[in-house]
2 protein chains.
Amino acid sequence: NEVVDILLAYIVESFDRETKVIDFHYPNELMQRNNWELQDEPESLDDILVSCRATLKYAIKTAHPRYFNQLSTGLDMVGLAADWLTSTANTNMFTYEVAPVFVLLEYVTLKKMREIIGWQDGSGDGIFSPGGAISNMYAMLLARFKMFPEVKEKGMSSVPRLAAFTSEHSHFSIKKGAAALGIGTESVICVKGFVPFFVSATAGTTVYGAFDPLIAVSDICKKYNVWFHVDGAWGGSLLMSRRHRWKLDGVDRANSVTWNPHKMMSVPLQCSALLVREEGLMQNCNQMHACYLFQQDKHYDLSYDTGDKALQCGRHVDIFKLWLMWRAKGTIGFESQIDKCLELSEYLYNKIKDREGYEMVFDGKPQHTNVCFWYLPPGMRHIVDKEEKNKRLHKVAPVIKARMMEYGTTMVSYQPQGDKVNFFRMVISNPAATFEDIDFLIEEIERLGHDL
Amino acid sequence: NEVVDILLAYIVESFDRETKVIDFHYPNELMQRNNWELQDEPESLDDILVSCRATLKYAIKTAHPRYFNQLSTGLDMVGLAADWLTSTANTNMFTYEVAPVFVLLEYVTLKKMREIIGWQDGSGDGIFSPGGAISNMYAMLLARFKMFPEVKEKGMSSVPRLAAFTSEHSHFSIKKGAAALGIGTESVICVKGFVPFFVSATAGTTVYGAFDPLIAVSDICKKYNVWFHVDGAWGGSLLMSRRHRWKLDGVDRANSVTWNPHKMMSVPLQCSALLVREEGLMQNCNQMHACYLFQQDKHYDLSYDTGDKALQCGRHVDIFKLWLMWRAKGTIGFESQIDKCLELSEYLYNKIKDREGYEMVFDGKPQHTNVCFWYLPPGMRHIVDKEEKNKRLHKVAPVIKARMMEYGTTMVSYQPQGDKVNFFRMVISNPAATFEDIDFLIEEIERLGHDL
């Protein structure tokens with residue numbers, strides 16, 4: 001009960017704009033400031049409460065309306081309650097036997113998501129996995145198995161060299177997946193003599209929020225009989241929005257779709273789904289028939305024992321928070337939340353596109369909530385030498401970001417990309433953010449950066 | 001607040017032996033009993049509370065003192081409080097920037113675990129992953145990369161056919177890992193012409209709880225320069241016990257160790273660690289340098305950005321519950337909890353080994369808390385024809401288990417193994433279990449099975 005009081009107070013504080021987003025300390029300093037060591041002897045319950053308070057004191061307030069640092073931001077109270085219930089139920093997704101309700105809710109929710117994608121009657125398969133990277137790896141695994149089922153027993157030595165295609169702005173998990181699966185990162189670029197087996201189109205790239213043209217990509221995949229995967233980890237949620245779902249036109253032609261409700265839909269971490277059009281493939285690809293879990297003589301319908309289609313054995317219950325939020329908001333509640341985030345990003349874009357001291361990183365209106373821009377402090381605006389200017393500009397975002405963290409007022413991401421020097425990538429997935437918070441962000445960047 | 005009240009009442013109920021372990025219904029029945037559908041329109045908060053109550057009503061009470069069905073059982077209140085705090089903090093392990101405290105706690109805890117394994121000064125590396133199957137897959141991935149670093153870019157076509165070795169009682173995740181990584185399940189058995197790269201010794205097999213002789217295995221691995229992995233997902237926690245840790249003698253020679261605190265240490269699901277002896281290897285093997293997350297010009301020590309050594313991008317915070325429990329119990333608290341479970345299993349073994357109607361599946365005292373046995377109803381005890389007897393015996397455990405679930409009094413696992421017909425596998429990891437619960441289990445098996 002005392003922990004609950006601490007947590008509820010923390011939540012109230014997190015939503016308060018007067019609170020710092022972060023009480024930042026360097027790793028060594030934070031390590032020394034408290035005694036975090038593990039001992040042989042037990043601590044008292046009072047000490048445990050002290051530890052809880054200390055942990056929260058130095059935590060990032062990801063629910064803070066001015067926390068824009070990642071694709072996952074904000075804190076939904078129904079989602080949180082659902083997550084607490086999930087922790088309390090403390091079970092495992094591998095069989096119906098130990099998670100009857102959660103297995104059914106996963107079934108219901110995956111079906112609904114497939115309907116939204118546009119697969120007939122919501123048919124197909126899917127799984128909630130620990131994050132988009134693993135969802136994408138599942139897709140690649142299934143594609144390889146679909147084309148060469150013998151790879152499961154014989155390994156890669158039984159198949160020709162494979163090639164996967166994806167855009168240079170796709171998520172690094174595609175390369176990680178290729179490395180892990182024994183395909184090799186070099187095979188993610190097309191080389192003659194390789195057999196193409198997998199195309200990953202990105203619906204909402206991580207940095208620019210750009211959408212690949214799914215219909216055009218799907219035509220090529222169909223022509224060459226290649227698995228068509230849509231990585232909608234970030235952009236997939238736009239399917240919930242009547243105003244924005246056209247950006248994913250063609251998604252219904254995909255063989256598989258990654259969609260992370262923990263990003264744009266603000267479901268607590270983690271909640272990532274892989275949806276698969278063909279039923280039974282996941283089971284065939286991954287099953288190993290462990291007889292101590294998946295006994296064939298159980299007294300109920302075994303199709304609800306989902307464990308053998310996963311790469312994991314035990315699997316955390318990630319479904320309930322999404323399901324309960326969906327019930328509480330309805331589809332239209334998610335829709336208006338998503339539409340509002342896109343509206344805020346358009347507001348930001350309109351505000352800075354012609355403002356003095358700002359340069360946009362790419363032309364035109366953002367497709368998602370990603371707004372990528374440079375801020376040029378007054379002292380740098382008139383530098384003519386391009387190389388000199390870029391060299392100095394490259395250092396601006398890191399310094400402003402470090403100052404943001406020291407003041408704890410807001411957090412936003414930055415990065416270089418290709419030949420482009422460090423720029424800010426603003427993303428809005430936080431339902432608590434308002435127009436005023438966008439105004440604040442701009443003022444804060446100027447306040448912290450004007451002397452650079 | 002109302003959800004908290006519901007949850008606290010549920011917890012009290014779960015620990016009460018008078019409560020059913022499960023209120024069992026068949027999938028179709030459960031699907032129809034409630035409206036689980038997702039709608040366009042939002043539900044009221046009252047309806048949401050109804051959904052929460054319904055979900056808990058049909059959930060397995062994994063905290064129940066008579067729930068013995070899986071390797072992960074029981075509910076620790078400090079662990080639960082820590083998990084609620086984790087949900088509330090709702091962040092991601094990929095960088096120090098967004099999870100400063102949790103990243104430090106992971107660092108502190110992994111180091112402590114490596115010290116317990118016996119690696120010098122606790123040096124090495126490691127990660128918390130979503131379950132033992134993924135931890136084991138990491139180990140195989142690292143072993144392959146260590147022997148053939150070019151596999152990362154060139155894939156399996158650049159390396160000879162590989163062979164991994166493991167016992168036939170090892171966990172199925174070794175085969176799943178081999179399939180996923182492009183090695184092929186057939187390569188898990190030794191074949192001439194293959195290059196051995198990986199040996200997985202099991203410390204505590206899933207069904208029998210048996211320990212491979214780690215010193216002997218490590219000698220062979222050393223001789224042939226093969227990666228020596230110890231899958232201690234189930235048995236690794238015995239390292240915390242001065243009385244039982246000899247069963248893992250030689251573990252300090254391992255290149256990597258899987259150890260799941262969510263099993264024998266009753267940490268809420270999920271909490272699995274892979275510990276790696278060589279520092280830097282995970283980073284080299286898995287890094288893809290995503291510049292939008294792992295900027296090299298950040299203002300703090302980048303060695304705390306752990307994300308690029310993971311296969312996942314976002315990674316759930318699994319550390320806090322283990323860390324807080326460790327603080328609350330101390331190492332000696334975990335030790336006495338583990339010792340007590342082993343004592344209970346010895347009590348069960350002694351009770352049934354000579355009891356009429358029981359046959360043990362393997363000879364001698366169990367090494368872990370796994371007690372594997374057949375129960376023969378009175379009507380079957382005098383059947384002489386072995387085939388006839390086995391045929392009937394095979395059906396006994398499933399029926400008793402189904403009846404247990406219908407009455408909801410207790411749950412215990414059963415399975416066949418090799419040429420052995422269905423037998424019960426009792427495991428004890430539930431700190432709430434007592435000698436009386438063991439007595440109850442035996443009475444209940446006899447009550448539910450004597451007429452068969």
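Okay, which residues in H13(A) are buried? What we have here is a predicted model, so let's treat everything as computed from it.

The buried ones are Asp437(A), Ile438(A), Asp439(A), Phe440(A), Leu441(A), Ile442(A), Glu444(A), Ile445(A), Leu448(A) and Gly449(A).

Next up, Lys263(A). The unreviewed UniProt entry puts a modified residue there, N6-(pyridoxal phosphate)lysine. In the model, you'll find Lys263(A) in the loop between strand S6 (256–259) and strand S7 (272–276) of chain A. Is that lysine buried or exposed? Its relative accessible area is 14%, and the cut-off for buried is under 20%, so Lys263(A) counts as buried. And what does Lys263(A) touch, leaving aside neighbours within four places in sequence? Leu71(A), Ser72(A), Ala233(A), Trp234(A) and Ser429(A).

Last bit: a contact between the chains. Helix H1 (residues 2–14) of chain A packs against helix H4 (residues 77–89) of chain B, with the axes 10 Å apart and an angle of about 5°. Anything under 35 degrees counts as roughly parallel, so that's what we call H1(A) and H4(B). From H1(A) you get Val3(A), Val4(A), Leu7(A), Tyr10(A) and Ile11(A), and they meet Ala81(B), Trp84(B), Leu85(B) and Thr88(B) of H4(B). By type, that contact comes out as eight nonpolar residues, one polar and no charged.

Definitions and conventions:
Residues numbered from 1 in each chain as written. Chains lettered and ligands numbered in written order. Predicted model: local features only at pLDDT ≥ 70, side-chain atom pairs only at ≥ 80, totals over all residues. Heavy atoms only, no water. UniProt positions renumbered as here; feature names shortened; annotations may be inferred. Helix = DSSP H or I, 4+ residues; strand = E, 2+ residues; numbered from the N terminus. Buried < 20%, exposed > 50% of the residue type's maximum accessible area, 1.4 Å probe, protein only. Contact = heavy atoms within 4.5 Å. Axes fitted to C-alpha atoms, helices over the stretch in contact; angles between N-to-C directions. Parallel < 35°, antiparallel > 145°, perpendicular 65-115°, else oblique. Nonpolar A, V, L, I, M, F, W, Y, C, P; charged D, E, K, R; others polar.
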